[in-house]
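Subject: Structure handover

Hello,

Here is the structure for your files. My notes on it follow below.

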Amino acid sequence: MAQFKQWALQYVLSDDQSAQLEITQKAAKEIENSRASSTVVGNWAASVHQWMASANSNDDDDQMDDGDDGGSGDIISRAKGSAWLIAALHLALDFLAGTLEALDRTVLRPDQVLRLIGFFGAMFSYDHKAGITASAKALRQLYSMKSFKPDMGIKIFEDVCKIKEDFRLQTAITRLEIYELFLSLVQDPAVSSELLHKYGASCGFAVDLLQLCSNERDPRNLMIWFKIIKILLNEYSPSAEVTEELFKIYSAYFPISLRSSATPIGITADDLKNVLRGCFSAHQRVAPFAFPFLMQKLDQGDAIKAAVKVDILKTIQECIEKYENPQVSVVPYIEKIWASLKYEVRNGEVKETIDATLEVLRAIARKLDGSKTQKLDASLLKDYIDLVFRDCRDDLSNPTYTKQAGLLLMTVITASVRGYVLYNANFIETIRQNLRQPKSPSHTRDLFLLLNSILKTRIDLIKNRKDGHPDDEDQLKGETTSHLDSLFNHVYLPVWTGKVNEPGSEEKDVLKQVAQGLALLVRQRVLDQDGETSLLCPATVCSEICSLFTVTLTRGLTLSSNDNPTHATALEDEVVLALRTIVMNYTDGFTEFVGAAKAGITKRDWSNPSSYSLGALKDLLSRVVFIGCSEIPSKVKTDAPLRQPYSPLQHYITSIATLLDLFPLSPSPSTANSHILSSFHASILWFDDACEAKFKKDTLAKYSTSEKNWDGEYIGLPEDWVQQLARGDLSIDEAIGALEENEPEVYRQYLRLSLFAVRHLYRSAAERLAPWPEEALAQLAQTAALVVRSLDDKLQTSCNLAHHAFDYFDAPESTSKDPVLGLLTVGILQGLRPGAMTGLYKPQGVAERFLCNTSELGLSSRISDIRAAIGIILSNKYKGGANTGDPESSTLTRILRFWSDWIKSSVASSEVNPDTFRALNNVAMHMIAGAVARQDRAAVELISILHEAAASSHINGEIFARSVGILVQPNELLTSENHAVVKRFYKQWAYGQLAKPLYELARPSGEDNAESRARYSVMILSIVRNCPFTVYQDDLEPLIRLLVTALSNSSAGGKLSEEVAYSQAISALEILVEILANEADALKGYLREIIGGATKAYQESAPKHTLTETVKPVTRTVCRKLALQVLGVLPKTFEERYILTYVPQTQRMLALACGDPVRRVREAARLARANWTSVA
């Protein structure tokens, strides 16, 4: 006894929660060790009597003192003492509750549990109400004991409810503890059974709860209180009177909201709405009270906000969905609900309210239809739909309400398969009657919109037919479709033919709806008795629809720019989407469309086409490949055999075969030929995206390889293999295998076909270059890269693609040797993986011979660019080993050494003219750039040579210094998409090796070595301008000095050519823009120099019109625009005190700049001037 008293005292006096926890665990252990001896348990419970006695005694003393007017006691002291005793009693009881929480659930006997329930229950009857929280917590712990009996729950209810009016005076936390206790009891099946046995339908305990909790306002407590009410309504079978009392309690909170609070409580307004909504929908016995109440709330009209209206509608919907026995719980209220809700759609303006209303109406239709396991009497649903039909039929003829009435009818008719089968024919007939005498084009449009909507819904119903009751599928099998069969000839076709030739702006929207409707009509399927589906429309109808759309899409070839109205494009775009939908179901339709398009193209002369004709060609070809390649066609049965057996690749084959047949449209280089190649590229992009959408990217990676040698297969195939497949001369199934639309193998065969087509075009270009403009070659190269990079290492190697990049897939010996064919080499190399390029790096192999050949490089800058692109790929994508001794690394080292020797000997040689040096140096820099991106060891050895070359006083030295930025310049060839080897921090590495060591050497210090310093400055800025700010942010001080110098000294005091000086100024301005955006404070000490330098840069880059001009106009324009950008951002970046001195001169300069001849420069000047005007 003394030990428990001591622990209780320690607990009461302690402020440390961990210490209190340790004390309760000791007490629990003591009880467990005694095996719950009655003496020990009694001593433990009696350990708090000292505080209980004191508290009761204090109450009595207070009463006596209050009655003694002459008492000399200190009332304040007694009050303080009373408060402390009550607090101490609370802690003492909390000690007992904590002990129970730590106690083994199996230790206490039933009689002990009952006595303890009586003990803690008595706390709710004492006047001081001390320790209510602890007592409730203790009762919850006792409820969880193994020896707890269901009838004890009744006693807990009775004891706790004795608190009566004092309940609302307790803190929210205390009330929460009691609510959680009540919730635990009411949802316990055993306790529930006892309560029902004792109270029956009268639910006397529930009435006590209502009296106790009716004034609750705390959100957390309400969450549990509403859950309790829901359980009482659903599981306790209360009488109608009790149900009404419960309803009055929770309905008083509706609609509920939540005030904002500074203290987050983890409960949202939606949480409260949802749990309160659960009370309304708890049981069908609530229906007589819920529906009238909710409808009365809804009928307040404009007096309620949209959010409240949505809450009401969602509550009605949940009631409808949750109530059982709809004949009793829902049907009696349908007319009232409909009478109120129809106006929410008919006259509604708020989308959220309209949508919620439609969901309620849809819920009624589904409820009256039945469930997945049981169908209700069909008359219930028919009566409901008839009710809606009577009120909405006439509105369909009124343009003001057509859309709303149709929406209401659509909602109730298509909510279930049964409703659709019973009423769709009637609905469609009503629409047809109104289409015979439409009031306006907008009325026609809305009617077609409704017709299209029901066709779309029918597709969804058939698709999801197995998700509902088994009878649904049987009803669809027996559906009558005669009213659908006649839609094309009697509804869609007359409107299309009557309006398509003269589509005014008002008719455009009608035709768009007709186009959508025709596509939906072709998508319609009928359900056979065996459960399979087939197209509803005969093949002849599908073919006629395709012909209508083909005429629309191909007529651009026969018109002039004056004949084609501007609004026709929007209709054509809709037709494209519609035709794509059609040919994905009726696959012969694409062949028909492509044949007509091809015929229209080939009958024209493309030797000297107009710009309009070229635009029409481009549009038509792009639409052909989009329609055929952006989706994978479906396999659907038709009433007549298809011209070609189904294959998921048949549209793709038809597309690329058509393009291959059309090329070349002109025997000489022509934009028309380029359009064909662009369309070929687009067809691959579209189909690749279609495969990714259908099969997902991870799956495609597994099908980008093959055990077969495609290269060997191609040799045995005719050059027109793809065309033969498209014509049907060869069987697609035999050539690529019988495939289904859901097989990922489709992707592998698509790659195989695409690579063959690329091979065919490569060989064609290499053999006869005449029809190939450079633009077309570049497009073909990018197409090759797109295909090649999708293949894995193994397949790239087995196809020998690395060598085919140079021999153009074994093109005939008579191959043209034009260097521009190097573009094709770039295309294949760009897509190769490093592992597939190993064979190129043999000693004196293809890579070494090609890259060390400097002949023809000086012929043109374009050839130099092509060779540079090949060089950067080859120097980057070799596989290499762990050290530099592997064959690939050795070959690359020799190649880099060759070019470094060339740089060393040529940069100061007067025998190499600047143009030749510029072309060869371009290749050299790109070669080194590829090695730098992978931080190759061989590149490190070149650092000193590059520094030395940049310091050369020869004109080639400044050309070289300016070009070093290529080493870190962004390049699409060095991306992970193209399998390049790029280290994450290579730019930091390159900057640290190449630029950072030169700051001191480039620093202005008199006339000594001025030429070298100027070139070092050019080299540093060319590197920095291509690096992110984080790379050079630690060197801002020396860098800013170089920037100021570059802007202040035009041509670096005559040490640089004008062209390079402009390039350096542009670099400086670009870097200043970056610094201003990231760390502008570093420039505070240089504002005078920056403003002066930017002003000077603008003034000196003014347009010149002289025959001796060496700087391109576009360079001058860029310089002026950047100078204005730098000036314009200063007022927004620095406080006025830093720039106030420079306001007059800068504003004068900007006023002049606002008259610049170039528009984008004027825009920059106006923006800058506005910013400077704001400076006081």
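**Largest pocket**

The lining of the largest pocket is made up of 29 residues, and R918, R962, S963, I966 and E1059 are the ones nearest its centre. Two or more lining residues come from each of helix 44 (861-874), helix 46 (914-933), helix 49 (955-963) and helix 56 (1058-1078). Helix 46 contributes the most, with six residues. By residue class, the lining has six nonpolar, 16 polar and seven charged residues. The space in this pocket comes to about 930 Å³.

The model is predicted: local features need pLDDT of at least 70, side-chain atom pairs count only at pLDDT 80 or more, and totals for chains, interfaces and linings use all residues. Residues are numbered from 1 along each chain as its sequence is written, and side-chain values use heavy atoms, with hydrogens and water left out.

The terms used for the pocket are these:

- On a 1 Å grid over the protein atoms alone, a pocket is an open set of points where a 1.4 Å probe fits, with protein on both sides within 12 Å along at least five of seven lines; a cavity is a set from which the probe cannot get out, and lining residues have an atom within 4 Å of a point.
- Grid points are joined across faces, edges and corners, and the volume is the space filled by probe spheres set on the points.
- Helices (H or I, at least four residues) and strands (E, at least two) are DSSP runs, numbered from the N terminus.
- Ala, Val, Leu, Ile, Met, Phe, Trp, Tyr, Cys and Pro count as nonpolar, Asp, Glu, Lys and Arg as charged, and the others, Gly among them, as polar.

**Aromatic rings**

There are 41 aromatic pairs in the structure. Rings of Phe, Tyr and Trp (its six-membered ring) pair if their centres lie within 6.5 Å; planes under 30 degrees apart are stacked, over 60 edge-to-face, and the rest tilted. One of the pairs is Y762 with F809, edge-to-face at 5.6 Å centre to centre and with 85° between the planes. This pair joins distant parts of the chain, 47 residues apart: Y762 belongs to helix 38 (residues 745-767), and F809 to the loop between helix 41 (801-807) and helix 42 (822-831). Both Y762 and F809 are buried. Here buried means under 20% relative accessible area, exposed over 50%, and partly exposed in between (1.4 Å probe, protein chains only).

F898 and W899 also make an edge-to-face pair, with 5.3 Å between centres and 90° between planes. F898 is partly exposed, at 29% relative accessibility, while W899 is buried at 1%.

F247, Y250, F254, F280, F289 and F293 make up one aromatic cluster.

R346 sits over the ring of Y401, 3.7 Å from its centre. R604 sits over the ring of W606, 5.6 Å from its centre.

**Backbone**

Most residues other than glycine have a negative phi, and most peptide bonds are trans. The following go the other way.

- The peptide bond from F254 to P255 is cis, with omega near -5°; P255 is in the loop between helix 13 (240-251) and helix 14 (269-280).
- The peptide bond from F663 to P664 is cis, with omega near -5°; P664 is in the loop between helix 32 (650-662) and helix 33 (671-695).
- N800 has a positive phi, near 55°, and is in the loop between helix 40 (793-798) and helix 41. N800 is partly exposed, at 30% relative accessibility.
- Y808 has a positive phi of about 55° and is in the loop between helix 41 and helix 42. Y808 is buried, at 11%.

**Cysteines and one contact**

With a disulfide taken as a pair of cysteine sulfur atoms within 2.5 Å, the count is zero. For C213 the nearest cysteine sulfur is that of C161, 7.4 Å away; C213 is buried, at 0% relative accessible area.

Finally, K877 is in the loop between helix 44 and helix 45 (887-906) and is buried, with a relative accessible area of 2%. K877 and G835 are 42 residues apart in sequence, with 8.3 Å from C-alpha to C-alpha.

Regards

How values were computed:
A charge sits over a ring if NZ of Lys or CZ of Arg is within 6 Å of the ring centre and within 35 degrees of the ring normal.
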